[in-house]
Amino acid sequence: MTQTPVCVACEGTVAPDGHCWDCGADQPDHRVRMETTGADGAAGVSDRGSRRGINADALALAAAGDWTAGVVCDGVSMSPRAERAAQLAAETGCAALAERLVGGDLPETALSRSAARAGRAVEALSGTESPAPACTYVAGAVGPEDLWVAWVGDSRAYWLPEQGPAVLLTEDDTGEFGAISAWLGADAEPAEPGSRSPRPTGPGVLLLCTDGLTRYLADPADLRAAVPSPRRGGSWLPAARALVGHALDRGGHDNVTALLLPVGDR
């Protein structure tokens, strides 16, 4: 059973955004580091990094019959409650994606509709705030031999095959000076998420990650070299830890998140 966090100031209940419901105090160690594991060896790690006061990244993982669903989000730093937007989008999007996959939706339909559901959840956070809470979004649906990805913003997906070169699957939604041009939130322009479905010719792993990792490992070849593969059927948690550790060792200037979903390794 998960224990409800207790406020360090008044012993009240801590809300999902890391503030006390009763006195409003910020919880100093809220979401500093998160690790998750799932069926078939899927695993992810999110870390606050060395320079940020809060972790505005989030990740979620769910089993969905023969599928595994994963989502990674990155709160937009200039928006209020960015950490809450990311956490809500990841949890909502992943749950909706798993539900639709189990319900028989085509993967591309499930990805599109679950991203829209996550977007509506983030929009509902806004109230009268301007700018509104916002985050980026990247999701993956992995079957025994297939994978699909969808994204909004500049969080990325990479396909890392057991044999052959790694491939960047997403295209950053960015404009002038590298600023993001698409995101989830009440002040976002309506947009259909980008999507892609490579056809793996053998086993490998799908990596979903935030720019806290890719600022240090943007090149697919560098990523391939940095990911230690587990034994067949083993957990990818050590590999996720290694990726996040790589970013932290090089400065950890941002929150950093890596989620690994294996394909054909069952």
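Confidence first. This is a predicted model. Mean pLDDT for the chain is 90. Of its residues, 92% reach 70 or more. Among the elements, strand β4, residues 67-75, has the highest mean pLDDT, at 98. Helix α4, residues 220-226, has the lowest, at 90.

Next, a helix pair. Two packed helices are described by the angle between their axes and the distance between the axes. Here the pair is α1, residues 82-102, and α2, residues 107-123. Their axes come within 8 Å. They cross at roughly 145°. The crossing of α1 and α2 is right-handed.

Which residues make the contact? From α1, take Ala85, Leu88, Ala89, Thr92, Gly93, Ala96, Leu97, Arg100 and Leu101. From α2, take Pro107, Ala110, Leu111, Arg113, Ser114, Arg117, Ala118, Ala121 and Val122. By type, the residues of this α1 and α2 contact divide into 12 nonpolar, three polar and three charged.

You will find Arg241 in helix α5, residues 237-249. Is Arg241 buried, exposed or partly exposed? Its relative accessible area is 39%, so Arg241 counts as partly exposed. The cut-offs behind that call are under 20% for buried and over 50% for exposed.

What does Arg241 touch, leaving aside its neighbours within four places in sequence? Arg33, Glu35 and Val45 are in contact with Arg241. Now look at Ala43. In sequence, Arg241 and Ala43 are 198 residues apart. In space, C-alpha to C-alpha, Arg241 and Ala43 are 9.3 Å apart.

Terms used
Residues are numbered from 1 along each chain as its sequence is written. This is a predicted model: local features need pLDDT of at least 70, side-chain atom pairs count only at pLDDT 80 or more; totals for chains, interfaces and linings use all residues. Side-chain values use heavy atoms; hydrogens and water are left out. Axes are lines fitted to C-alpha atoms, for helices over the stretch in contact, and angles run from 0 to 180 degrees between N-to-C directions. Helices (H or I, at least four residues) and strands (E, at least two) are DSSP runs, numbered from the N terminus. A crossing is left-handed if the near helix is turned anticlockwise from the far one by less than a right angle, and right-handed if clockwise. Contact means heavy atoms within 4.5 Å. Ala, Val, Leu, Ile, Met, Phe, Trp, Tyr, Cys and Pro count as nonpolar, Asp, Glu, Lys and Arg as charged, and the others, Gly among them, as polar. pLDDT is the predictor's confidence in each residue, from 0 to 100. Buried means under 20% relative accessible area, exposed over 50%, partly exposed in between (1.4 Å probe, protein chains only).
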